[in-house]
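Trainee: I'd like to learn how to read helix packing, sheets and ring pairs in a model. Can we go through them one at a time?

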Amino acid sequence: MSDLPLSDLDAFTAIARERSFRAAARKRGVSASSLSDSLRRLEERLGVRLLNRTTRSVTPTAAGERLLAQLEPALGEVAAALGALDNFRDRPAGTLRLNVPTVAARLFLPDIACRFLKLYPEIELEIVAEDTFIDVLAAGFDAGIRYDERIERDMIAVPIGPRRQRYVTAASPAYLQERGMPQHPRDLLEHSCIRHRFLSGIGLTWEFERGGETLAISPSGALTSNSIEIELAAAVAGLGIISSFQELLEPGLDDWASEFSGPYLYYASRRHMPAPLRAFVDFLKLERQRAPLG
């Protein structure tokens, strides 16, 4: 069995992680049928069924679970070893896969990514923007961007983007003309507010701070969404008061705000860091030395 193709083993791990041929194919940039062919070949060679497949679900068998548990670290070592060879190139090359919050993809990552790719044209950067809290390494990413309260303690974190950010409230002139300007955060309980809820089901509590005084409220309103684009459109249309990043809004309760530390690029400690990730980390550190972001 020592001559089993690594590509077939990698296809199996991708399908088993995602529990979906289609999702695995999308992340691998291949067709679902090619992954199905790889899995069929692997099962035939091993003489063991690795995945149970129905029209609605894909789940590992007991044999598949055991194989997956042993394969994932082994394939990770193979990928790291191959990535280490890039250190012998004149310039780093390969693929860097990042999982980032949608707000990072909108506010600061485009500028950073473009400058990085101009410096390292041999690197292919793949960015997936989503607000679901996932295990980025198990999902096949090299690194992620999150805020410090969402970073697991065994990860290495490197500052990226602004180091301090603020949440503020805002509303359209039409809404404020009709309903009036809130003078205190508690006044928001009498207003229609546009709320954000993550795909996990967690809704954001609105937090405020002024002169050492802190306050948290859970307002109500006509719209709740996981899309900042929809929330902004609703605010512009006069449907209510929105709370979000200051970079996106003209603040209403300007003297009340919620300030917090900026985001980090985080990744696992590895003996052999892939060359594209090493280049990106070094790039971020050099950028901060040259022109620290506020």
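Mentor: Helices (H or I, at least four residues) and strands (E, at least two) are DSSP runs, numbered from the N terminus. Bear in mind that this is a predicted model: local features need pLDDT of at least 70, side-chain atom pairs count only at pLDDT 80 or more, and totals for chains, interfaces and linings use all residues. Residues are numbered from 1 along each chain as its sequence is written, and side-chain values use heavy atoms, with hydrogens and water left out.

Trainee: Okay, which residues of helix 1 meet helix 2?

Mentor: From helix 1 you get Asp-10, Thr-13, Ala-14, Ile-15, Arg-17 and Glu-18, and they meet Phe-21, Ala-23, Ala-24, Lys-27 and Arg-28 in helix 2. Sorted by type, the residues of this contact are five nonpolar, one polar and five charged. The classes are simple: Ala, Val, Leu, Ile, Met, Phe, Trp, Tyr, Cys and Pro count as nonpolar, Asp, Glu, Lys and Arg as charged, and the others, Gly among them, as polar.

Trainee: And how do I describe the geometry of a packed pair?

Mentor: Two packed helices are described by the angle between their axes and the distance between the axes. Axes are lines fitted to C-alpha atoms, for helices over the stretch in contact, and angles run from 0 to 180 degrees between N-to-C directions. Here, helix 1 (residues 6-18) and helix 2 (residues 21-28) have axes that come within 8 Å and cross at roughly 120 degrees.

Trainee: Which word goes with the orientation of helix 1 and helix 2?

Mentor: Angles under 35 degrees count as roughly parallel, over 145 as roughly antiparallel, 65 to 115 as roughly perpendicular and the rest as oblique. Helix 1 and helix 2 are therefore oblique to each other. Their crossing is right-handed. A crossing is left-handed if the near helix is turned anticlockwise from the far one by less than a right angle, and right-handed if clockwise.

Trainee: What about helix 1 and helix 3?

Mentor: The axes of helix 1 and helix 3 (residues 32-46) come within 8 Å as well, crossing at roughly 110 degrees. Helix 1 and helix 3 are therefore roughly perpendicular to each other, and helix 1 passes helix 3 in a left-handed crossing. On the helix 1 side, Asp-8, Leu-9, Ala-11, Phe-12 and Ile-15 meet Leu-35, Ser-38, Leu-39, Arg-41 and Leu-42 in helix 3. That contact divides into seven nonpolar, one polar and two charged residues.

Trainee: At what angle do helix 2 and helix 3 pack?

Mentor: About 110 degrees, with the axes of helix 2 and helix 3 8 Å apart. Phe-21, Arg-22, Ala-24 and Ala-25 in helix 2 meet Ala-32, Leu-35, Ser-36 and Leu-39 in helix 3, with six nonpolar, one polar and one charged among the contact residues.

Trainee: How does strand 8 pair with strand 11?

Mentor: Strand 8 (residues 193-196) and strand 11 pair in the parallel sense over three bridges. In that pairing, His-196 stands opposite Ser-225, and Ile-194 has Leu-223 as its bridge partner. Strand 8 also pairs in the parallel sense with strand 12 (residues 241-245), over two bridges; there Cys-193 stands opposite Ile-241.

Trainee: In what order do the strands of the other open sheet run?

Mentor: The order is 4-3-5-14-6, five strands with mixed pairing. Strand 4 (123-129) and strand 6 (155-159) stand at the edges, each with a single partner strand, so one side of each is left without a neighbour in the sheet. Strand 6 pairs with strand 14 (residues 264-268) in the antiparallel sense over five bridges, and Ile-156 has Tyr-267 of strand 14 as its bridge partner.

Trainee: Last one: how many aromatic pairs are there?

Mentor: Nine. A pair of aromatic rings is described by the distance of the centres and the angle of the planes. Rings of Phe, Tyr and Trp (its six-membered ring) pair if their centres lie within 6.5 Å; planes under 30 degrees apart count as stacked, over 60 as edge-to-face and the rest as tilted. Phe-116 and Phe-280 have ring centres 4.9 Å apart and planes at 75 degrees, so the pair is edge-to-face. Phe-116 lies in helix 6 (residues 109-119) and Phe-280 in helix 9 (residues 275-290), so this pair ties together parts that are 164 residues apart in sequence.

How values were computed. Pairing = 2+ DSSP bridges. Contact = heavy atoms within 4.5 Å.
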